Number of protein chains: 4
Amino acid sequence: MIIVLKKEAQKKQIDYIIEKIAGLGLKPLYMPGTEKIVIGAIGDERVLRSLNLESLPCVEQVVPILKPYKAVSREFKQEDTIVEVRGQSIGGNKFTMIAGPCAIESEEQFLATATALRAQGINFLRGGAYKPRTSPYSFTGLEEKGLEILKRVAEKTGMLTVTEVVDTMDIPVVSEHADILQIGARNMHNFRLLKKIGQTQKPVVLKRGLAATIEEFLLAAEYIVSEGNPRVILCERGIRTFETATRNTFDINAVPLLKQITHLPVIGDPSHGSGKRSLILPLTKAIVAAGGDGALIETHISPETALSDGEQQLNMAEFKRLLDEVTPLAQLCGKTIN
Amino acid sequence: MIIVLKKEAQKKQIDYIIEKIAGLGLKPLYMPGTEKIVIGAIGDERVLRSLNLESLPCVEQVVPILKPYKAVSREFKQEDTIVEVRGQSIGGNKFTMIAGPCAIESEEQFLATATALRAQGINFLRGGAYKPRTSPYSFTGLEEKGLEILKRVAEKTGMLTVTEVVDTMDIPVVSEHADILQIGARNMHNFRLLKKIGQTQKPVVLKRGLAATIEEFLLAAEYIVSEGNPRVILCERGIRTFETATRNTFDINAVPLLKQITHLPVIGDPSHGSGKRSLILPLTKAIVAAGGDGALIETHISPETALSDGEQQLNMAEFKRLLDEVTPLAQLCGKTIN
Amino acid sequence: MIIVLKKEAQKKQIDYIIEKIAGLGLKPLYMPGTEKIVIGAIGDERVLRSLNLESLPCVEQVVPILKPYKAVSREFKQEDTIVEVRGQSIGGNKFTMIAGPCAIESEEQFLATATALRAQGINFLRGGAYKPRTSPYSFTGLEEKGLEILKRVAEKTGMLTVTEVVDTMDIPVVSEHADILQIGARNMHNFRLLKKIGQTQKPVVLKRGLAATIEEFLLAAEYIVSEGNPRVILCERGIRTFETATRNTFDINAVPLLKQITHLPVIGDPSHGSGKRSLILPLTKAIVAAGGDGALIETHISPETALSDGEQQLNMAEFKRLLDEVTPLAQLCGKTIN
Amino acid sequence: MIIVLKKEAQKKQIDYIIEKIAGLGLKPLYMPGTEKIVIGAIGDERVLRSLNLESLPCVEQVVPILKPYKAVSREFKQEDTIVEVRGQSIGGNKFTMIAGPCAIESEEQFLATATALRAQGINFLRGGAYKPRTSPYSFTGLEEKGLEILKRVAEKTGMLTVTEVVDTMDIPVVSEHADILQIGARNMHNFRLLKKIGQTQKPVVLKRGLAATIEEFLLAAEYIVSEGNPRVILCERGIRTFETATRNTFDINAVPLLKQITHLPVIGDPSHGSGKRSLILPLTKAIVAAGGDGALIETHISPETALSDGEQQLNMAEFKRLLDEVTPLAQLCGKTIN
């Protein structure tokens, strides 16, 4: 950690800081410059954070040298984490296709969509039972009834399921009905939810928040992993920027950058990442080419009647075309689709 | 609502849309332009939203004319909402000063801070018992023990208290110990929390999300109000932008704009809005001058020892200076400080 | 065009607007809703813009239906524009690799880099003679001397050259020394420069501004094309967002979206788009997979001695690896590298 | 300067860096941590920048300790810069009101506006002759004819004038016709323009770029000052963010922060900063309260007929009301309006 002091810092203040650093077992280093005084602290700076040195009036800036996350970092664990879910795996040399409608609207709609996807070889089925919506007047999902549909359809089709959990209270019921939990973008900063899911052993797809930096995204994952659940799959789904031509700006850089920084699998969500049906195919291809481990694609047996997000859901013919184009691309990039 | 069709839209598709609009009791209006076909729908378009017309492949764009919120709008209720809390009021011709530390760290620290603030005439005391933190390794508050301290100190000093609630599970216990609930920026999109608080009659300070538009902010308030709790105080606390010289970019425009659009009181948080002790005074003055109804100011008996956010907390002398400058300014702007 | 009036709009004001619309030869359409009055205008709304209806106090909002650009749109010209440059073409089924150093530093450095690139089959050579730099104390290029080096090296190697022009005054001299002009991100809004280049017939790479929307980007291109120069190549190079882990956020959505909206070729700049050497390869692959027409890649014979942007320039071995991975990918996507 | 090395850095590489630092006359400091190796460099790090250490493959991060600007900083010059313009001054204890239309549309319109403003005691008159516009089809100003009107009206009314210069070529003619030059937001990064204006002695209002950080804004000013022209007035005019309810997000924090960092006067532009007529008054008051040195306010004798930006221009009655409210506020804040 590097502590930059204000010009007017007094000797007494400097000594105080140096003492504090030494007191925690780190080695302080005094560097008086021509314009600023700088103090370095050699050792595990995470313990230093508790000192809140930036609160001292004589301190101008504190520059951390180490990253604030640990358990999720490549430095901590070099080999890729592969999340096993009932015989299927996410990460490594797989490119996992997770498809299904935005929301479970009825048993008919969901079963028809799932059956059609299964016929195309898809193993992972998504469908929302609890739908966080910006407006209180929008359709917010079938809730528990939706979870029951999810489970029945999974049993009939033999697919693995992913569904969102929006409140700590719902963790038990969702865990019982689904194979993989999803934490939505709006809940990435819901630290209580992260912690409680960290105390289970359920695989979890963690979506990046709309305005979360990559560092904050990794710290959210660290909440889960540090509680004891290492089965986290990161999902880039677009961030909020000034651009309004698309629903979100998909941060394609985040895919390879995360793969370099963390050992966790990294998938992408081209549906929310663009918000436009016509962009889902090229964006999925970009995710594959950039080294992603999978994609979450909204598909609906009849998007024009969807109760939510119809403009970003593919119909079955569109999804087939996507699969046809993505399969050889994934192969060229050293991945098999599962 | 205005529906813009793609150039290649077929007569059959156009007729389908017109029929749907008429079927919901609205009046459709066909406007064939030279380059685009446009369909208008006259009547309460909120019912139209359920059609999800943007999902139709022939639709290029749907332009809503009405705002999606209703109960919180000035058009719905013209006069200012004034939130009464045990003899004090927020809104109208008051400028409400809410002060206190970021976190309740101990009974001594909190009582000392509260007593000093009370001596300066402050009525509203803030203090966090549950602290959402970006890193799992940071201090996250004293939780229930903190709530008990909050209540005891409130009784001793006769102050009204504000504290954050981070999970639906905690609503009962927080409601019992505090006068006003706070929903933090990271939970503004936690729709379950909004709804459940909407089912109580507790006054609530709702903070704007880091990446929430003004429209989304009002929709979050609409969640609470539409459930039956009209006692909402909006709090602008800065948004996330590309600028890194300050912790957040305080959206000063939001203060007068919200006052024009909604009847709810609007306060500001200069501590999070700038993240810099030296900016809190000028920013508070700007909030007053722009027509705000109050400010939430982090103050600490000894900021340099604070367990969180020390760099943006004022000490008692700094807070006194702030009060001395803000008081005549508020008067000039037609407000009395309470 | 749709004009939404304020609730309190008077009959006289409404009549005034209707008259104005009719006066310009468009057909006005009066739509009195339950809460708002809306007026539609059928016909070429571009003429309507001159009325500045949004300035009228009774007008709440003006919603344009048509896009403000014309000559660059796919609706205006359906087939892809292919820019021919001395026997080579950009656009269509080509994926154009433009490589070379950020800045021309000396004849030795530039010739060595060019020769090495030429040996790898590269036809397009980039190199900056005028370097816009954020700080007045940074290296700002060799200027005219750099242009002369550029020309000599082009002659020796038989390569086509791209270089930036930063001021209207320099257009003649840069045009004389280079094959393709570049307008940098910081000049995308320099309308005088756009216009003057529009009056030449030089091919031009137009980079998207740091904070430019896709619509503004296309309007910048419209400035050039509407002056008579149709030889514009659009270049996505990343936008500025809150994320600081990368230099810019590459807007991958922009690549396919632009290809759908405009007939102009669309290339990407993975060097500025990420600012990190380790991301250039995956990002280039994403550009290919998303349907881009080329890439602008900073390469340097010895990046560690570069006078600018060394951290985002590839050395020759890294560039070779990139070419080896990108070539089969481009083929799979139906493109040949040139 | 702090240089953080990658874990795998070799002794040879470390020695190379240490040698380079020493070779430039700075004192290197070797700090081997448990996880990272850090090298400090004590002395004037500006000379170090030329080494481009971030280009070295073994370097993970370079953390500058000193700010990259010098001449504009408070550390360089403590007392406020006051810009004198023909008997009037900007900065210090003045709050300078600069008013006038967005564009000079005709001699009648401009003279009428100026005369009405003069009658209200206004000394500084703005009016655009060259108007940068996003679309090539919008009104772009009367150009030289506009400059002549500007000069004649200034002579008739005895006012001081401010007008924008958009191209290096126009500096002589604009300098001859106006008292103060303006560099618009879209040209803040036009380094050639900055430099050339730095070679004159004309006072200049420098507007912050839409996506410019405060540091980049100050570096743009440094370009002018370091060339020899110290007469720079900084103007915050709003930045681009995700919020679309207002045209821009006015960064109110920037006003007091700039006043702390730099000795140059800092004014605000509430017209562009909000883009909404109804927000101009509260925003101007916020600028005063936050410690600003002036405001640039678009006023028009008849905004509803304005050829550009009518929705953000005040009419004379609105401007009078603004002046009436701002005058006592400025006094309370220790400023006199000029």
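Author: The copies meet through the same surface, because 100% of the interface residues of chain B are also interface residues in chain C; contact here means heavy atoms within 4.5 Å. This is a predicted model, in which local features need pLDDT of at least 70 and side-chain atom pairs count only at pLDDT 80 or more, whereas totals for chains, interfaces and linings use all residues. Residues are numbered from 1 along each chain as its sequence is written, chains are lettered from A and ligands numbered from 1 in the order in which they are written, and side-chain values use heavy atoms, with hydrogens and water left out.

The contact between chain C and chain A draws 37 residues from chain C and 37 residues from chain A. About 2700 Å² is buried between these two chains, and carbon and sulfur atoms give 70% of that area. Buried area is the accessible area (1.4 Å probe) that two parts lose on being put together, summed over both. On the side of chain C, the residues that lose the most area to chain A are Phe242(C), Glu243(C) and Asn253(C), together 22% of what that side buries.

Chain C and chain A share 2 salt bridges, each a side-chain nitrogen of Lys or Arg within 4 Å of a carboxyl oxygen of Asp or Glu. Arg208(C) forms a salt bridge with Glu243(A), their closest N and O atoms being 2.7 Å apart.

Several helices (DSSP runs of H or I, at least four residues, numbered from the N terminus) contribute to this side: α7 (254-261), α8 (270-274), α9 (277-289) and α10 (316-332) of chain C each supply at least two residues that touch chain A. The largest share, 7 residues, comes from α9(C). By residue class, the side of chain C that touches chain A divides into 21 nonpolar, 10 polar and 6 charged residues. In this division Ala, Val, Leu, Ile, Met, Phe, Trp, Tyr, Cys and Pro count as nonpolar, Asp, Glu, Lys and Arg as charged, and the others, Gly among them, as polar.
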